[in-house]
Amino acid sequence: MLAEYLFGGVISSFLGFLILLILRSAKEKNKRTSNAGTPRKTAEESRRQAAGDGGTDVIVVGAGVAGSSLAHTLGKDGRQVHAIERDLTEPDRIVGEFLQPGGYLKLIELGLEDCVEEIDAQRVFGYALFKDGKNTRVSYPLKKYHSDVSGRSFHNGRFIQRMREKAASLPNVKLEQGTVTALLEENGTVKGVLYKNKAGEEVQAYAPLTIVCDGCFSNLRRTLCSPNVDIPSCFVGLILENCQLPYPNHGHVILADPSPILFYPISSTEIRCLVDVPGQKVPSVANGEMADYLKTVVAPQIPSELHDAFVSAVDQGSIRTMPNKSMPASPFPTPGALLMGDAFNMRHPLTGGGMTVALSDIVVLRDLLRPLRDLADASSLCKYLESFYTLRKPVASTINTLAGALYKVFSASPDRARNEMRQACFDYLSLGGVFSSGPIALLSGLNPRPLSLVAHFFAVAIYGVGRLLLPFPSPRRLWIGARLISGASAIIFPIIRAEGFRQMFFPATVPACYRAPPTH
């Protein structure tokens with residue numbers, strides 16, 4: 001009996017030992033197979049993991065209006081976004097304070113309409129124009145829209161901070177303070193950025209797509225586009241207090257000499273005044289030349305309701321200046337990178353259309369990226385996103401062209417024909433009906449149709465010729481009329497050429513418009 005137990009114990013031990021060997025052998029085999037199926041990390045991947053960007057889908061350079069709204073939009077669509085902004089404190093600017101109704105509709109489309117709440121933003125329902133003691137009011141055509149739709153004016157910094165807070169509230173959006181110094185390229189493809197963080201350390205961040213939105217003073221745009229920056233004038237900014245606009249909740253445009261003056265509310269107690277000074281040199285603020293210029297040249301042309309508040313603001317000395325830049329979009333399609341906002345495209349800020357263009361561009365880009373699950377194939381993505389440059393044109397080219405043309409028409413000139421065009425524009429808008437609602441729908445971004453823009457522009461010119469020839473034409477008047485038409489053509493056609501005639505008027509004929517998203 002004892003022998004049987006001993007024999008059974010030996011057999012059990014042997015079988016247990018055999019099973020243990022088999023299990024160990026299978027484990028080693030699985031481990032080798034697993035290692036063989038997993039490629040080793042490249043040096044680039046190791047660097048990415050070290051920088052904490054291993055899962056980033058998109059890097060956004062800049063967190064102004066374009067950058068912060070883009071970060072929120074892509075983050076809301078499930079992308080891992082890393083936004084890097086040079087300074088996250090509240091900006092203090094004298095532009096970017098006016099959002100047209102078309103821009104507000106884009107804000108709603110992006111789910112950011114609450115960003116104009118709790119910042120004392122003012123609703124704007126149209127414009128009042130003043131010229132030579134006469135004035136007229138032009139209202140936005142808002143009847144078919146919800147009662148909340150209108151223009152908005154506000155402190156730029158408050159608006160941007162609200163948008164940054166909205167973006168940073170998403171768990172997949174990382175908003176970091178840092179200065180991007182360079183794009184990281186490899187074989188012609190942008191792989192990420194080099195930046196200095198808040199502590200001053202140089203860090204590399206990597207992502208399949210880098211979107212540069214670092215504003216009008218961009219130091220990165222030269223590698224991604226052919227910048228042709230024009231500076232036709234400068235804005236001199238003041239804040240008026242303790243006064244009321246002649247037409248509440250309206251922007252005010254004074255057709256002054258030598259160029260327009262703007263007034264609009266930026267809070268319930270403050271009115272922004274922007275005086276346009278032609279050229280790149282402005283009178284010195286430090287030695288008092290600017291204050292003297294504002295009091296002697298500008299103040300006499302300001303409506304009486306605002307005169308005393310304007311002079312008081314000049315005396316307080318808080319005078320700011322800002323160059324007005326214009327730059328058509330001339331991108332170099334670059335794998336792994338894209339330009340947006342003022343880094344990509346600028347227009348004269350007279351019409352307050354910059355934010356509307358930026359928000360419209362973001363809607364176009366969002367819709368293009370939504371079908372894509374993976375952004376890793378930079379070459380295919382770059383080719384696909386070439387459609388972005390055509391799809392953005394109806395809104396962007398309409399607002400850009402109108403801004404450049406209106407600035408030239410509204411500025412005084414020693415040329416009789418140019419001054420006739422200026423007067424014709426004022427009188428045309430004063431007619432009311434379609435003569436005012438059509439142009440203001442274009443300016444507001446509610447009807448971004450380039451053909452409608454050209455039609456109204458030359459209707460103004462023809463109206464001006466008609467005024468000249470009535471009641472009796474004369475050879476001199478005929479000559480001025482011919483020069484008026486010629487001058488109108490010289491204003492608008494160079495702007496259209498810079499925007500791209502085919503893309504602007506016949507976008508459906510551009511092959512890039514029909515690019516299908518990459519299938520992988």
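Figure 1. Phe388 counts as buried, with a relative accessibility of 0%. Buried means under 20% relative accessible area, exposed means over 50%, and partly exposed lies in between (1.4 Å probe, protein chains only). The model is predicted, so local features need pLDDT of at least 70 and side-chain atom pairs count only at pLDDT 80 or more, while totals for chains, interfaces and linings use all residues. Residues are numbered from 1 along each chain as its sequence is written, and side-chain values use heavy atoms, with hydrogens and water left out. Phe344 counts as buried too, at 1% relative accessibility. Rings of Phe, Tyr and Trp (its six-membered ring) pair if their centres lie within 6.5 Å; planes under 30 degrees apart count as stacked, over 60 as edge-to-face and the rest as tilted. By this rule there are 14 aromatic pairs. One of them joins Phe344 and Phe388: the ring centres are 6.3 Å apart and the planes stand at 35°, so the pair is tilted. Phe344 lies in the loop between S17 and H8, and Phe388 in helix H9 (residues 378-391), so the pair ties together parts that are 44 residues apart in sequence.

**Figure 2. The ring pair of Tyr428 and Phe435.** The two ring centres are 5.3 Å apart and the planes stand at 80°, so Tyr428 and Phe435 form an edge-to-face pair. Phe435 is partly exposed, at 35% relative accessible area.

**Figure 3. A ring cluster, and a charge over a ring.** Ring pairs link Phe98, Tyr127, Tyr140 and Tyr264 into a cluster. Another ring has a charge over it: Arg152 lies over the face of Tyr104, 4.3 Å from the ring centre. A charge sits over a ring if NZ of Lys or CZ of Arg is within 6 Å of the ring centre and within 35 degrees of the ring normal.

Figure 4. His348 is found in the loop between strand S17 (337-339) and helix H8 (354-369). Helices (H or I, at least four residues) and strands (E, at least two) are DSSP runs, numbered from the N terminus. His348 is buried, with a relative accessible area of 3%. Its side chain makes a polar contact with the side chain of Asp276, at 3.4 Å. A polar contact is a pair of N or O atoms within 3.5 Å; within protein, one must be able to donate a hydrogen and the other to accept it, and residues adjacent in sequence count only if both atoms are side-chain atoms. The backbone nitrogen of Leu350 also lies 3.1 Å from a polar atom of the His348 side chain. Contact means heavy atoms within 4.5 Å. Leaving aside neighbours within four places in sequence, His348 is in contact with several residues, including Pro232, Phe235, Asn324, Lys325 and Tyr407.

**Figure 5. Helix H12 and its packing.** Helix H12 (residues 434-443) is mostly covered, with seven of its ten residues buried. Among them are Ser436, Gly438, Pro439 and Ile440. The buried residues pack against strands S5 (126-131) and S6 (134-139), and against helices H10 (393-410), H11 (416-430) and H13 (450-469). Just after H12, Gly445 takes a positive phi of about 80°.

Figure 6. The whole structure holds six cavities of 30 Å³ or more. On a 1 Å grid over the protein atoms alone, a cavity is a set of points where a 1.4 Å probe fits but cannot get out; lining residues have an atom within 4 Å of a point. Grid points are joined across faces, edges and corners, and a volume is the space filled by probe spheres set on the points. The largest cavity has a volume of about 350 Å³. Its lining has 23 residues, of which Leu402, Leu406, Cys425, Leu429 and Pro439 lie nearest its centre. S5, H10, H11, H12 and H13 each supply at least two lining residues. Which element gives the largest share of the lining? That is H10, with five residues.

**Figure 7. Thr223 in its loop.** Thr223 sits in the loop between strand S11 (209-212) and strand S12 (230-241). Thr223 is partly exposed, with a relative accessible area of 43%. The backbone oxygen of Leu220 lies 3.0 Å from a polar atom of the Thr223 side chain. Not counting residues up to four places away in sequence, Thr223 touches Leu183, Phe332 and Thr334. Thr223 and Thr334 are 111 residues apart along the chain, yet their C-alpha atoms are separated by 8.9 Å.

How values were computed: On a 1 Å grid over the protein atoms alone, a cavity is a set of points where a 1.4 Å probe fits but cannot get out, and a pocket is an open set with protein on both sides within 12 Å along at least five of seven lines; lining residues have an atom within 4 Å of a point.
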